[in-house]
Protein chains: 2
Amino acid sequence: MTYCVGLKLEAGLVMLSDTRTNAGVDNISRFSKMFTWEVPGERAICLTCGGNLSVTQAVTTAIDTAIRRAEEGEAIETVLNADSLYRVAEIVGNHMRDVQSTFRGAISEQGATEGASILVAGQRRGGRSRLFMVYSAGNFIEATDDTPYLQIGEHKYGKPILDRVITPQTRLSKALKAVYVSMDSTLRSNLSVGMPLDLAVIRTGEYRLAVRRRIETDDEEFGRISQLWSEALQGAFQSLPDISLAKTD
Amino acid sequence: MTYCVGLKLEAGLVMLSDTRTNAGVDNISRFSKMFTWEVPGERAICLTCGGNLSVTQAVTTAIDTAIRRAEEGEAIETVLNADSLYRVAEIVGNHMRDVQSTFRGAISEQGATEGASILVAGQRRGGRSRLFMVYSAGNFIEATDDTPYLQIGEHKYGKPILDRVITPQTRLSKALKAVYVSMDSTLRSNLSVGMPLDLAVIRTGEYRLAVRRRIETDDEEFGRISQLWSEALQGAFQSLPDISLAKTD
C-alpha cells in the first residue's frame, strides 16, 4: 500500500511519503513515490503518488517527457511553465486521464485495480503555495484552511494526530514532528507501508525545495521521535484514571 | 458502520459496542448490537454484531427461538445448554450460515452487502472463558494469549491503543480504560460509529454478567476519559522535541 501526507500551512508546504509497494504480500518492493521539479527562484513542485504503480509511473514519465520536449524548444505547456499551480494540477489530471483511458479496461480485465491518486504541491513566483489531490478520473480537490492537509493511501492510522494538532498556523518544526508521528503510527499498524521515507518542504515565499531528503530506516531523528512518541503515549494512557468495575456495576 | 471490541484477559471478558447503524449517510438509526444471555451461577454469554443488520437480527432471533423451544421442553441444543463455549460459537456460526444461505443471493442482487460478523464471548461453569469471532460463512476464530482482543467493524482507529497496552495480564480496571480510549478514538474519526455504547464484563470464575450497562451520550465517566485522553495526547505531542528544518536541510 502507500501512505503519503501533504500539509499546506501559512509557513509552507510539507510532503512526506513512504516507499513500499506490493503486488500481494509476497511481492514487496521499494519505489520512491515522491517526484520533485524545481526552477530555483521561479517555482518548486512536489508530487507524491499512490495506487497502481504502472499508472503513476506513466503519469510522471509523461510529465518528464513534456518538460524535455519544451526544453528542446517545442511550444508545449508543462508543469514548469504553466501559468498557475491550478493549471499544474490540471496537467497532472490530464495525464492521469490519458493513462487511465489507455489502460483502465485492460487492467481491470486482469482483475487488478487501476485506481491511483496523486498529491500535487507547489509554489511559483507570483502565486501562493497550493496543495491538490488528483484522483483517478483526473479531477482534483484543493486543501483549504478548513482542511489544511491531504492524505493518500492508508490514511486512517495517521489521521487522528493531524486532526488534533495541525492548523494553517502550525509552525514548520511542529508540522514536521506531526507528519513524523502520523507516518510512525501508520508504519506500526500497516505492514504494507514501509521505510525509507521521502520528505520535501517548500517554504512560503521561497521558490525552491528547502528540504528534499530520504529518511533511511536508521535515521536518528525519526527513530527518536518514534521512540519518544511511544513512551509519551504510554505515559498519557497511564495518566488516565482507572475505571472501577464497582462504579459501572 | 459499527465498532465492537472484545478482550479475553486472565481476569475476565470485556465487550464494548456502539449502537449506530446506517443505510447510507442520510439514514442513521440506533440499534443495540450487544445481546447477552445468562443462567446465573451456570453461564454467561455476550454477542456483539456488525455488518448487515437484517442478517445479525435473524441470527439472534434464531438463538432466542431455540432457547424458548428448549424451555418449552423440546430437546434441542442451544447456547444455554451446549456443553462447551466452542459449541456455542458453532451454534452461532450455524445460524449465520443458515441465514446467509437463505438471503445472500437476494441481498446481493439488490446491490446491498450481506456480510456480517459476530463476536461471541462467554464462560460456563466447568469451562474457561473464551472469545470468538464468527464470520459470514459461519466459520470462526478464537482470541489467544498472542492476540487477546478481537474487533469488528471500523477497527483501525481503535487498534493502536489496544496493541500498545492490552496483554492477557491487563487488569480489568485498566482494560476498561483501554476499550473506552479505543472507542473514543473511533467515535472521533468515523461518524458512522456513534453513542450510546453497550458494555459487558464477565469476570473469570463468575458465571454471570458482572457489568451490563448502557453508556449514554452524557455519561460522566466516559466523557471524563475522552476529555483527559485528548489533553494527555496533546501533552504527549508537546513533549516531543521540535524538528529543526536546518538539520534536515
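The legends below accompany close-up views of a predicted model.

Figure 1. The secondary structure of chain A consists of six helices and twelve strands, and the C-alpha trace spans about 75 × 45 × 35 Å along its principal axes. A compact globule with 249 residues would have a radius of gyration near 18 Å, and the 20 Å of chain A agrees with this. Of the 249 residues in chain A, 43% are buried. Among the contacts in chain A with a separation of 6 or more, 65% are between residues 24 or more positions apart.

**Figure 2. The surroundings of A:L119 in the largest nonpolar core.** This core has 137 residues, and the members that touch the most other members are A:L119, B:V92 and B:L119. When residues up to four places away in sequence are not counted, A:L119 touches A:C4, A:G6, A:M15, A:L47, A:T48, A:L131, A:M133, A:L150 and A:I152.

**Figure 3. The side of chain B that touches chain A.** In this interface, 41 residues of chain B are in contact with 41 residues of chain A. The elements of chain B that each give two or more residues to this side are the helices α3 (159-165), α4 (172-189), α5 (220-239) and α6 (245-248), together with the strands β11 (197-203) and β12 (211-215). The element that gives the most is α5(B), with eleven residues. Sorted by class, the side of chain B that touches chain A has 22 nonpolar, eight polar and eleven charged residues.

**Figure 4. The packing of α4(B) against α5(B).** The axes of α4(B) and α5(B) are 10 Å apart, and the two helices pack at an angle of about 70°. Because angles of 65 to 115 degrees count as roughly perpendicular, α4(B) and α5(B) are described as roughly perpendicular to each other. From α4(B), the residues B:K177, B:Y180, B:V181 and B:D184 meet B:F222, B:I225, B:S226 and B:W229 of α5(B). By class, this contact has five nonpolar, one polar and two charged residues.

**Figure 5. The buried residue B:R124 and its contacts.** B:R124 lies in strand β7 of chain B, which covers residues 116-124. A residue counts as buried if 20 or more other C-beta atoms lie within 10 Å of its own, and B:R124, with 23 such atoms, is therefore buried. Leaving aside neighbours within four places in sequence, B:R124 is in contact with B:E42, B:R43, B:L85 and B:Y207. B:R124 and B:A44 are 80 residues apart in sequence, while their C-alpha atoms are 6.6 Å apart in space.

Technical notes:
Residues numbered from 1 in each chain as written. Chains lettered and ligands numbered in written order. Predicted model: local features only at pLDDT ≥ 70, side-chain atom pairs only at ≥ 80, totals over all residues. Contact = placed C-beta atoms within 7 Å. Helix = DSSP H or I, 4+ residues; strand = E, 2+ residues; numbered from the N terminus. Nonpolar A, V, L, I, M, F, W, Y, C, P; charged D, E, K, R; others polar. Axes fitted to C-alpha atoms, helices over the stretch in contact; angles between N-to-C directions. Parallel < 35°, antiparallel > 145°, perpendicular 65-115°, else oblique. Rg over C-alpha atoms; globule rule 2.2 N^0.38 Å. Buried ≥ 20, exposed ≤ 12 C-beta atoms within 10 Å, placed from the backbone. Core = buried A, V, L, I, M, F, W, Y, C linked by C-beta atoms within 7 Å.
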